[in-house]
Amino acid sequence: MKKYVAVKAVFGLLAGMAIIGCGSGNDYTNTSRGTGWDVTGKNGFELSTNYKEQDTGPGLVFIEGGTFTMGRVKDDPMHDWNNTPNQQHVQSFYMDETEVTNAMYLEMLEYIKAVFPADDEAYSKIYNGAVPDTLVWRNRLGYNEEMTKNYLRHPAYQNYPVVGVTWIQAVEFANWRTDRVNELILNEQGYTSKNALTANQGSQEVFNTETYLAAPTLVYKGDSTITMGGKRSESVVKRKEARAAKDSTLQVKGLYVTRKDGILLPAYRLPTEAEWEYAALGLGSIREYNSYRGRKKYPWDGQYTRSGKRKTRGDHLANFKQGDGDYGGIAGWSDDGADITAPVKFYEPNDFGVYEMAGNVSEWVADVYRPMIDDEFNDFNYYRGNVYTRNKIDNSGKVAIVDKVDIDEIPYQTLSNGKVIARALPGEIEQEAIDEDETYLRTNFDRSDNRDFRDGDAQSTRYFASDKTTQENPDNRMYNSPVHSATVNDDGTLNRQYDTDSNRTSLINNEVRVIKGGSWRDRAYWLDPASRRSYPQDMAKDDLGFRCAMSRVGSKAKKTKTPR
């Protein structure tokens, strides 16, 4: 009888434990929800159990995603079919609160000059390819020479938006910015030594985020040894754990930061057209039906370009061209405060906290330009321009790194105008197009280059049913745009080939990108966030700049719920 009571008590205790384990109050902070095993590293498996949410990177503001009407709804007298209204949903993301300024861009130029000196033959083209085109200020019948000389570098303009930057240069700036931000995060949290910062780097000691995540021993000098009691090497290990070692020199393994730690930020990049337009509309605090349906005309509230508030009544809300020969208004009265560009944060931000999304400068976005948005195929995070690549693996089975010494290994691109730009800096991982190994039997993608998918590819042309495909005859393209080219001869001279064919019918191709927003040269019509134009990705203007964005990982909103 006593044995029966004891057994019954044990089963009762187990049942109680089961109930507690299955209850809503169970805490899986340190144990696996699937197996119950410890996930703090005691059993060889470790997860980041104290992760809160993504930090906001330098210069960024949080944009909570949602549904909106993309495209022009109001004031479309030309019935321009390239921005027909369509409903889209955008995931939460981060956006630069201002355009990239001259000071921000000069920081990159100084870095390149110090780490990849132009007097070194291997790196001579890197700096020149990154410098903005200051000659965009010249006008055949206007005097702007002082702008040509001073706008980029003079301290008076350091907080003005950078111009003269091509789409390609903007992309490379975003890549460089990603590496500098993540490098600083690792350094401040003790994962790299103090003398590993940018100021002490040479061309052999560069840091790249993706290289660090894939092969951490290949960044800096490839040295993972910490010297105790003496001068530290440019190490990429966790210093605070190395200090506890008794040996004077310790080879530390397994202490590198990985993606699962949640410490490094996602990449800075150009915003997609949908993201840019959504952020410009500033629907964060406006939930009226008309706003949701695309009735909001400007980044600010109201239907006018002047303030209606009592304290600022009559003041301009953006920097744009007032009329013929009128770029700012009458001096001292009804003036918008600028004749060319204005300094960033000169005007009030919209409801998302983003400045100058109308006027000042037009801005590059990531998308390849097409007259129509294919919302029938996709209405979630719409973006035309995907080119899928993967890390290149060398003969030894390791990731291939752009050589830091061999001049022939740096991937330069000669633009159609003859300018040479480095598309990857030494220390970065080489990329290659995906092949059938990754696309076989997939239904969501079947190629590496998707820029002309459903609008310009062979299946979309009127020649698809015949044998005259675009591969066999390049003139049988959907968009018969001119094809200019420039190549570098063996002696270093340029061989420019200008397309003189008089039968060209379009300027649209896969190297033409969308630009958004009005500028200081534009009339109020272009201040509508829905307005869109196009420009070749390897050309620049004096009224065209850019800002960066960053994807958000995790929750849609910052007011997160505690997981159960």
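**Asn 381**

I started with Asn 381, which sits in the loop between strand 8 and strand 9 (389-391). The model I am reading is a predicted one. I looked up the backbone angle of Asn 381 and found a positive phi of about 50°, although the residue is not a glycine. I noted this because most residues other than glycine have a negative phi.

**Leu 441**

I then turned to Leu 441, in the loop between helix 10 and strand 13. Its phi is near 65°, again a positive value in a residue other than glycine. I checked the cover of Leu 441 and found a relative accessible area of 72%, so this residue is exposed.

**Asn 480**

I stayed with the loop between helix 10 (436-439) and strand 13 (485-488), where Asn 480 also has its place. Asn 480 counts as buried because its relative accessibility is 15%, and the cut-off for buried is under 20%. What does the side chain of Asn 480 contact? I found a polar contact with the side chain of Arg 504, at 2.6 Å. I also looked at Ser 506, which is 26 residues from Asn 480 along the chain; the two C-alpha atoms are separated by 5.5 Å.

**Strand 8 and its partners**

I went back to strand 8, on one side of the loop that holds Asn 381. Strand 8 covers residues 362-368. Seven of its seven residues are buried, so I wrote strand 8 down as largely enclosed by the rest of the structure.

I followed its pairing with strand 15 and found three bridges in the antiparallel sense. Within this pairing, Trp 364 has Ile 515 as its bridge partner, and Val 368 stands opposite Arg 513.

Strand 8 is also joined to strand 17 (residues 544-545), by two bridges, and here the two strands run parallel. I noted Gly 545 as the bridge partner of Glu 363.

How many residues of strand 15 (residues 512-516) are buried? Five of its five residues are, and I recorded the strand as mostly covered. Strand 15 pairs with strand 16 (residues 532-536) over five bridges, in the antiparallel sense.

I traced strand 1 to strand 4 (residues 93-96) and found four bridges in the antiparallel sense. Leu 60 stands opposite Asp 96 of strand 4.

**Thr 101 and helix 2**

Past strand 4 I stopped at Thr 101, in the loop that leads from strand 4 to helix 2. Thr 101 has a relative accessibility of 5%, so it counts as buried. What does Thr 101 touch, not counting residues up to four places away in sequence? I listed Gln 158, Asn 159, Tyr 160, Pro 161, Val 162 and Val 344.

Helix 2 (residues 102-115) has 14 residues. I found 20 Å from its first C-alpha to its last, close to the 20 Å expected at 1.5 Å a residue. Its buried residues include Tyr 105, Leu 106, Met 108, Leu 109 and Ile 112. I kept in mind that residues three or four places apart in an α-helix point the same way. The buried residues of helix 2 pack against helix 3 (124-130) and helix 5 (167-188).

**Whole chain**

I closed with the totals. I noted ten helices and 18 strands in the chain. Of its 564 residues, 46% count as buried. Among contacts with a separation of 6 or more, 68% are between residues 24 or more positions apart. The chain exposes about 30,700 Å², and carbon and sulfur atoms supply 51% of that.

Note on methods:
Residues are numbered from 1 along each chain as its sequence is written. This is a predicted model: local features need pLDDT of at least 70, side-chain atom pairs count only at pLDDT 80 or more; totals for chains, interfaces and linings use all residues. Side-chain values use heavy atoms; hydrogens and water are left out. Two strands pair if DSSP finds at least two bridges between them. The expected span of a helix is 1.5 Å times one less than its number of residues. Buried means under 20% relative accessible area, exposed over 50%, partly exposed in between (1.4 Å probe, protein chains only). Contact means heavy atoms within 4.5 Å. Accessible areas come from the Shrake-Rupley method with a 1.4 Å probe; for residues, only the protein chains shown count as cover. A polar contact is a pair of N or O atoms within 3.5 Å; within protein, one must be able to donate a hydrogen and the other to accept it, and residues adjacent in sequence count only if both atoms are side-chain atoms.
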